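Here are some questions and answers on a protein chain. Look at the sequence and the model before reading on.

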Amino acid sequence: MKNLILLTTLILTAGCSHNISLKKDNPYHSFTKMTRVVEATLCTEKGESKSECISLLPMEFNASGVIVGENDKSSFILTAGHFCQIIKKDPSKIAAILGNSNLPLDTLEYFEHVEFNAKIYADDYTGVRYYTNLIAFDEEETDACIVKTEKRMDYKPIYVSDNAPELGDRLYMPSAPMGIHHHGGVIILDGFYSGEFWHSYFNKWTYSITGMPLIPGSSGAAIMNEDFEIVSLAYATNMAFPHDAFGVPLHQIKNFLDQHLVTTTELNISKWFEEL
């Protein structure tokens with residue numbers, strides 16, 4: 001995995017054969033730009049003792065997502081697992097956050113404890129922002145995450161395909177590369193499916209490849225077939241060749257949603273769930 005770039009951005013804040021109608025059921029309208037706002041507090045002692053503390057400026061991590069389910073009150077969004085687990089006791093990620101604080105090293109060493117507060121937001125197709133709650137994530141094998149909006153979005157879920165793509169199929173990916181999202185529009189990339197490949201670390205078939213450009217901010221973007229059904233989920237690219245798009249295979253997406261989303265009550269969701 002050392003040659004892969006996970007496609008989440010970090011910001012320190014101060015032509016298709018189908019005719020696509022511009023109706024609310026346009027599949028690209030189910031795209032979401034994901035933002036995780038992280039606040040960090042450094043303290044000399046842990047807990048509520050009278051320790052000396054400082055708060056860092058909020059930082060933003062960006063990714064992409066897609067609506068995959070809804071009920072009467074909420075929409076359910078699929079995105080990248082590493083986006084949702086951006087700071088979970090990972091020394092390298094904590095170091096990256098602190099490194100972006102621009103504090104001198106001796107100042108950072110003075111504060112022995114770090115506390116984080118993080119919130120995840122989803123911007124819909126038009127730029128309306130929704131606060132979300134985390135349902136489940138898997139950063140290790142699937143690299144997928146489900147969040148639930150506190151208010152249902154206006155746009156409908158995207159179907160998950162019944163069939164995996166075939167070698168050479170043309171695929172499409174709406175995303176927010178580098179966090180770029182034009183409200184009322186979406187950046188759409190396309191490429192050709194190269195297959196599913198064996199991962200020696202996990203000792204099983206664990207990733208698919210599509211020949212399309214990926215850069216940070218594209219993590220969690222839905223990769224869709226020409227019927228506009230989800231067949232993969234973007235999560236990484238090759239450092240030496242960023243047109244080598246790594247994605248979560250369809251069978252892993254189905255297993256993840258089956259485990260974490262089907263059990264959520266009364267969802268109006270993709271057709272493959274309805275056929276179970």
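Buried means under 20% relative accessible area, exposed over 50%, and partly exposed in between (1.4 Å probe, protein chains only). The model is predicted: local features need pLDDT of at least 70, side-chain atom pairs count only at pLDDT 80 or more, and totals for chains, interfaces and linings use all residues. Residues are numbered from 1 along each chain as its sequence is written, and side-chain values use heavy atoms, with hydrogens and water left out.

Q: Is strand 10 largely enclosed or largely open, and why?
A: Of the 6 residues in strand 10 (residues 170-175), 5 are buried. Therefore the rest of the structure leaves strand 10 largely enclosed.

Q: Which residue is the bridge partner of tyrosine 172 in strand 11?
A: Two strands pair if DSSP finds at least two bridges between them. Strand 10 and strand 11 (residues 187-199) run antiparallel and are joined by 6 bridges. In strand 11, the partner of tyrosine 172 is aspartate 190.

Q: Is isoleucine 215 buried, partly exposed or exposed?
A: Isoleucine 215 sits in the loop between strand 12 (204-211) and strand 13 (222-224). Its relative accessibility is 38%, so isoleucine 215 counts as partly exposed.

How values were computed:
Helices (H or I, at least four residues) and strands (E, at least two) are DSSP runs, numbered from the N terminus.
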